[in-house]
Amino acid sequence: MKSMGNLMHKIMSSISISSTGNNSFATPAGNGLSRHRRASISASTSDMRSHNSRNNIVIKSTPGVTGLRNHGNTCFMNAVLQCICHTDILAEYFVMDQYKIDLTRRNKKNSKKFGTRGEVTEQLALLLKSLWSCQYTPEISNQFKTIVGKYESQYLGTNQHDAQEFLLWLLDKVHEDLNTATKKKYKKIKFIYPGSQGRAEEAVAAEALSNHMRCNSSFVHDLFQALYRSSLTCPKCQSRSITFDPFLCVSIPIPQRQMRPVYVTVVYLNQQPKQVRLGLSINSQANIRELKEVLAADSAIPDDKIVITELVPEGFHHTFSDSQPLSSIHENDNIFAIQVPAIKPVNPRDGEYLLLVWINRLGTGCQGKRFGCPYVKEVPRECTFQELETAVLSTMSGILKNGVVEQVKHGPIVRFRVVDGIPGKCYLPYDVDHPLYMPTVDKAISLCDDERGPKHVKLIVEWDLETRKEMVLNIDDFIEEHSSVNQLKNQETQSATATLGECFELYTQEEKLGPENPWMCPSCKQLRQGVKRLGLWTVPDILVIHMKRFRQTSTQRIKLNTLVEFPTVGLDMSSHIVGRNFNNNLHTNGYSTLSYWSPWRRHRSRYVRNDDNLYDLYAVCNHHGNMQGGHYTAYCKNPTDGNWYSFDDTKVEQLQNEADVVSPHAYILFYQKSTLTHSSTSSSSSSSSGSSDHWAYHMPNFNYAPPKFSKSQDNLVGLKDDEFRHNSRKLNPFTRGIRPYCSMAPIGSHQKKTEAVIAEPDHYSDDDEQYNKVCITESRVEGSHFIAQWSMPRHYDCLFMSYNDVML
């Protein structure tokens, strides 16, 4: 302890000598820096200092350009936090402590029930202050993760999560913490469809928004929230149902190529291997007939001798007709193309021939599971049950044991169930002379039109377990996979190109509801397959656009690496907003006339102008990798110097080319209105490049004091408070360094004595070697008081300490 005291004495003496020799640090409160000094600071990006005349805070390097420690797969969280940090007006709201006004006015019951009692909001504000003041330490983000995990258990531990999902969760919790709405329940509204009783859509939208804002009123919603319009149109009577709902983020689909992949298993008559799976690239606007033509070219089977059907574990599910669109085949469908022979003509001896297509299944009725491959056989319709069973088993002789066919003469072995037969009478009787002339067979034939291939009857051959064990030798369903399958899968993941406008066009285009999801028409009073259409009714000040890069295929989830080209400035949303009567006094822009908002909020124009729909990009959240493993990063535009930076956890680099932000990895886009201005009763802000008038240079004094008994252990995640304290000495910390994460630029040579005993670059990666030196991370003079904040070596468990005129 004596040696530590001597060390601290030397440190404090060295800093005291340096501080008295530098007039800028000894300046009394209120005087600030000289004009000449301010000019040199503003012109420098590698060594920027700003003096707060009220609190004498020192900002090192470029404000906000600070990396975040990865606490175990928290890159999704870090990327989102960097984008939030560079949402300039929101960062100002938190860093300048304006959120505290709303925090005291919030609905405490709702905050307790739906929010986090202000804990997440307070911790977010603390984190943003540390980033903008360049005084971030890993302890702060680790504590933020702990608080997040306290209120959402899925964020405990070190699992990776979706960035967009976390963003919406965070905005929702902060909104509930700051929610000043006094109402607990929504008002019951007797909904009247637009157009009825002379009501305009503007009136219905205003009423829906007003009802929503009875229970929701926060600065978060003021910035991020707007309305979308959803309409359902009846295809019969053309009546419409229109609803208006709020959104914080627009999730847009990514257009796919004109060609779509289709995977088909071809079942040959007399070829080995009997089943081959092919990968086909078909025009997405094609029909089943065109699919047969492509199959005929690839398999050498005449297109009129192909039956396209879908098989499920229980048996046949659906047989497709030639006129059906290719879209009727879904990605997860198990499609089979079965080759059938030419039907023999009617002859006097055998009469009419009937084409049978069957599969084998263990069990009876609706129970059981199919096994083996499909089979095809042409039989005389006048055959007996014994002759039918003999023909079927002979065709399957390759999977049966020796002598099975001869046992037919001793009695029936299997049961035949007719697909699409008469309900309750679908089984072929074994005690009639000609079972294939039963009415249930006639019905099945009548349902098989010429477009579904040659006339045929589908059968389910049912086996009981004991019989199958005794007679079936092989139940394997081997399917050989052609090389075209892998080639097509690889092509699916290759990059394509689309524009942001094309994504919005796809988002707003009409979509017909499926038969499994009908809609009750309010006029017809009947279930209809309505036509649904989404559109943006209003747009927010901060527009968050989420691109749907992940989708489910027939076998797995894949990521779309399509390059979506988006503008960095001047995004015009006018064409994507639902057209309406702009002369209607009921139409307003946003929420200004419907709710009482934060005292800090700025004035909005009541009516929409065309220039209000122009947006500029300021942040991008990127996802690298695939579904098996990925990583999140962020590109953010700093509002103080106008430069773009890449944030990869603790690694921060300036982008030399603004066009680099447009990449196939872009996942979430953050836009703000071009006309967005910052004005409040307590701060002056400007986004001009390099201006010292930005609010970041006037932020209140920030001095972080870590919680009592808390240690910066990066791997203490997923533990509850009691477990955290109890196990803090048992768990091994990460081997990454603890150096300050304050900026990109190195400390200037004229500050080495005042700001750090050991002068090294301020930015470090997670892979740096252990840092076992005492380091002053922040020092300043407040009036006649000297304040120093320093960090201990790694073996002291990253204990951060702050001293105010106190000596060891």
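1. Is aspartate 649 buried or exposed in this model? At 10% relative accessibility, aspartate 649 counts as buried, where buried means under 20% relative accessible area, exposed means over 50%, and partly exposed lies in between (1.4 Å probe, protein chains only). Before going further, note that this is a predicted model, in which local features need pLDDT of at least 70 and side-chain atom pairs count only at pLDDT 80 or more, while totals for chains, interfaces and linings use all residues. Residues are numbered from 1 along each chain as its sequence is written, and side-chain values use heavy atoms, with hydrogens and water left out.

2. For the chain as a whole, there are 20 helices and 31 strands; helices (H or I, at least four residues) and strands (E, at least two) are DSSP runs, numbered from the N terminus. Of the 808 residues, 53% count as buried. If a contact means heavy atoms within 4.5 Å, then among contacts between residues at least 6 apart in sequence, 70% join residues at least 24 apart.

3. Returning to aspartate 649, this residue is found in the loop between β26 (644-648) and β27 (651-654), and its phi is near 55 degrees, a positive value in a residue other than glycine. Its side chain is joined to that of asparagine 70 by a polar contact of 2.9 Å; a polar contact is a pair of N or O atoms within 3.5 Å, and within protein one must be able to donate a hydrogen and the other to accept it, while residues adjacent in sequence count only if both atoms are side-chain atoms.

4. Asparagine 70 itself lies in the loop between α3 (35-43) and α4, and it is buried, with a relative accessible area of 8%. The side chain of asparagine 70 also reaches the backbone nitrogen of asparagine 73 at 3.0 Å.

5. Helix α10 (residues 163-178) has 16 residues and reaches 22 Å from its first C-alpha to its last, close to the 22 Å expected at 1.5 Å a residue, the expected span being 1.5 Å times one less than the number of residues. The helix is mostly covered, with 13 of its 16 residues buried. At its start, a side-chain oxygen of aspartate 162 comes to within 3.2 Å of the backbone nitrogen of glutamine 164.

6. Histidine 175 belongs to helix α10 and, at 1% relative accessibility, counts as buried. Its side chain makes a polar contact of 3.0 Å with that of asparagine 216 and one of 2.6 Å with that of serine 218.

7. The largest nonpolar core has 70 residues, and those with the most contacts inside it are Phe94, Phe144, Phe166, Phe224 and Phe670; such a core is a set of buried Ala, Val, Leu, Ile, Met, Phe, Trp, Tyr and Cys residues joined through side-chain atoms within 4.5 Å. The largest share of this core, nine residues, comes from helix α4 (residues 75-85). A second, separate core of 33 residues includes Val379, Ile413, Leu428 and Leu459.

8. Two further backbone details deserve a look. Cysteine 134, in the loop between α8 (119-132) and α9 (138-151), has a positive phi of about 60 degrees although it is not a glycine. A cis peptide bond, with omega about 0 degrees, joins glutamine 272 and proline 273, and proline 273 is found in the loop between β4 (259-267) and β5 (275-283).
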